[in-house]
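Subject: Structure handover

Hello,

Here is the structure I promised you. Please open it beside this email and follow along.

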Amino acid sequence: MAREVLALGEQLAAEATCPVCLELFAQPVLTECGHSFCERCLGAVLGEPPRPAACPQCRAAVSPGSLRPNRSLGAVAGLAGALEEAARRPRCPEHGEPLALFCEPCAAPLCALCRDGPAHRPHRARNAHRAARDLRETLQNNLDFLQKAKEELKSKGEPRSDELLHRMALEEEMLQNAFEDLEKFLQEQKKALLAQLGPVSQELIKRSSEYNSSVAERKSLLDTLIADIEKKRDQPDVEFLMDVGKILSGCEAAKAPIPEAVSPELQRTVETLSETCQLVLGTVAKFKGNLLSKMDREREKVTLDPETASPFLILSADHRTVRLGKGFQNIPDTPQRFMGSPSVLGSQGFQTGRHYWELEVGKGDSWAVGVALESVQRKDSLSLALGKIWALRLGWDGQYTALHGLPALLALEEKPRRIRVHLDYEEGRVTFYNAENMVQILQFETSFTERVFPYFWLWSAETFIRLCD
């Protein structure tokens with residue numbers, strides 16, 4: 001009977017859960033199409049100031065003035081919350097009675113009805129409080145023994161561990177030497193290149209200075225000749241002819257070309273050195289990229305798949321950032337697209353190996369990140385898809401939850417802004433870290449039989465989700 005009551009309580013909680021925020025209804029309102037939502041959740045859909053919008057469940061038109069309080073459903077939600085609180089108290093799973101006794105032969109807590117049953121009637125049963133007190137003393141004695149045994153093991157060592165430590169010491173020494181040799185080689189090449197660039201730069205400066213001096217001299221000559229000619233041309237013939245030859249010689253000198261600031265030979269030298277520098281820069285960049293890729297083989301560059309994005313979401317042009325739009329967008333309802341929840345998947349799915357990606361979340365709430373199976377429900381509300389989603393969520397109330405099946409509250413000391421999601425497909429493990437200090441936040445353990453995709457959910461205009469490079 002107790003199991004039936006608990007099952008009914010779970011069904012009651014499911015019926016009293018808002019399909020948008022996945023929490024028990026808070027001040028529920030009823031739409032004309034017959035669906036209920038939290039007043040705050042539906043207010044986010046209608047916008048500020050409120051305007052007609054599509055129902056998050058059936059997409060029927062919802063008018064702000066048509067909403068009615070659903071007080072009966074609110075009362076049901078309150079009752080469901082009370083049942084959930086009562087269900088958390090330790091009780092007999094069979095009879096629903098308090099577990100006040102302890103069966104010593106079976107080492108199991110019992111209720112009064114279990115004690116009178118045929119399975120435990122011949123056994124000795126004690127008061128649970130006294131049994132716990134005595135067993136704590138027994139466990140403490142065992143703990144003292146185990147700690148002493150552990151201390152004794154420390155002095156013995158372990159051959160395999162010593163071998164691996166020696167190997168790591170050799171690897172560290174070789175790595176240190178390799179980087180020192182590389183640094184020495186790069187410094188030598190740097191000096192050689194700079195030694196070639198320096199004289200060429202000095203030659204360019206010298207030629208530029210000479211060219212500027214020649215130009216200044218030529219300008220002065222031209223000014224003098226122009227003034228002399230203008231003065232000479234109107235003189236009487238004999239006076240005009242007396243020193244005209246000097247002026248004509250100056251004109252011939254002014255027609256002579258000024259040597260170029262950069263000779264063809266110097267131009268070729270500069271181009272050759274420039275090509276060498278570009279080659280070195282490209283080689284160094286390629287080396288750095290190759291080294292990083294080989295050292296960090298599990299990191300993935302995840303992008304968002306626009307074909308799966310909910311009509312409520314807006315993706316950036318590079319498909320690396322998602323925000324909540326101002327309303328429902330008129331885009332095609334394809335089989336891949338989420339229509340029942342503001343969700344989007346990553347473009348790449350995984351069916352083997354270890355992978356991780358990092359993301360940033362804004363300062364707002366109402367977001368969730370994690371992974372989802374390829375077969376996750378996309379047309380219904382998020383509450384019907386939780387069996388195929390493993391995610392970390394921050395609700396509108398500032399509470400973090402582990403999102404899979406029935407959401408479970410988490411107590412986090414820090415509010416992570418940069419999060420690493422790590423997927424180990426073969427081990428069936430999804431782990432979340434605070435990427436700023438690599439403290440583990442949450443870990444799921446399961447088994448995968450189909451492709452797994454990065455998953456993102458957003459229901460707040462005050463925040464965003466941005467994938468990191």
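How many cavities of 30 Å³ or more does the structure hold? The answer is two. Bear in mind that this is a predicted model.

**Cavities**

Start with the largest cavity. Its volume is about 60 Å³. The residues lining it include Pro 19, Val 20, Pro 56, Phe 312, Leu 382, Trp 457 and Trp 459. By class, this lining has eight nonpolar and three polar residues, and no charged ones.

Now the second largest cavity. It has a volume of about 50 Å³. Among its lining residues are Cys 21, Glu 23, Cys 41, Ser 366, Arg 393, Trp 457 and Trp 459. Here the lining divides into six nonpolar, two polar and two charged residues.

**Helix α6**

Next, look at α6, residues 159-232. How far apart are its end C-alpha atoms? They are 108 Å apart. With 74 residues at 1.5 Å a residue, the helix should span 110 Å, so the two values agree. The buried residues of α6 are Leu 193, Val 200, Arg 218, Leu 225 and Lys 232.

**Cores**

In soluble globular proteins, nonpolar side chains tend to be buried together. In this model, the largest nonpolar core has 73 residues. Those with the most contacts inside it are Trp 357, Leu 359, Trp 367, Leu 392, Phe 432, Phe 456 and Ile 465.

Zoom in on Trp 357. Leaving out residues up to four places away in sequence, Trp 357 touches residues including Glu 300, Val 302, Phe 350, Arg 420, Pro 454, Phe 456 and Leu 467.

**Backbone details**

- Pro 49 sits in the loop between α2 (39-46) and β3 (53-54). The peptide bond from Glu 48 to Pro 49 is cis, with omega near 0°.
- Gln 27 is in the loop between α1 (2-15) and β1 (28-30). Its phi is positive, about 50°, although Gln 27 is not a glycine.
- Ser 366 lies in the loop between β12 (354-361) and β13 (367-373). Its phi is also positive, about 60°, and Ser 366 is not a glycine either.

Are Gln 27 and Ser 366 buried or exposed? Gln 27 has a relative accessible area of 60%, over the 50% cut-off, so Gln 27 is exposed. Ser 366 has 5%, under the 20% cut-off, so Ser 366 is buried.

Best wishes

How values were computed. Residues are numbered from 1 along each chain as its sequence is written. This is a predicted model: local features need pLDDT of at least 70, side-chain atom pairs count only at pLDDT 80 or more; totals for chains, interfaces and linings use all residues. Side-chain values use heavy atoms; hydrogens and water are left out. On a 1 Å grid over the protein atoms alone, a cavity is a set of points where a 1.4 Å probe fits but cannot get out, and a pocket is an open set with protein on both sides within 12 Å along at least five of seven lines; lining residues have an atom within 4 Å of a point. Grid points are joined across faces, edges and corners, and a volume is the space filled by probe spheres set on the points. Ala, Val, Leu, Ile, Met, Phe, Trp, Tyr, Cys and Pro count as nonpolar, Asp, Glu, Lys and Arg as charged, and the others, Gly among them, as polar. Helices (H or I, at least four residues) and strands (E, at least two) are DSSP runs, numbered from the N terminus. The expected span of a helix is 1.5 Å times one less than its number of residues. Buried means under 20% relative accessible area, exposed over 50%, partly exposed in between (1.4 Å probe, protein chains only). A nonpolar core is a set of buried Ala, Val, Leu, Ile, Met, Phe, Trp, Tyr and Cys residues joined through side-chain atoms within 4.5 Å. Contact means heavy atoms within 4.5 Å.
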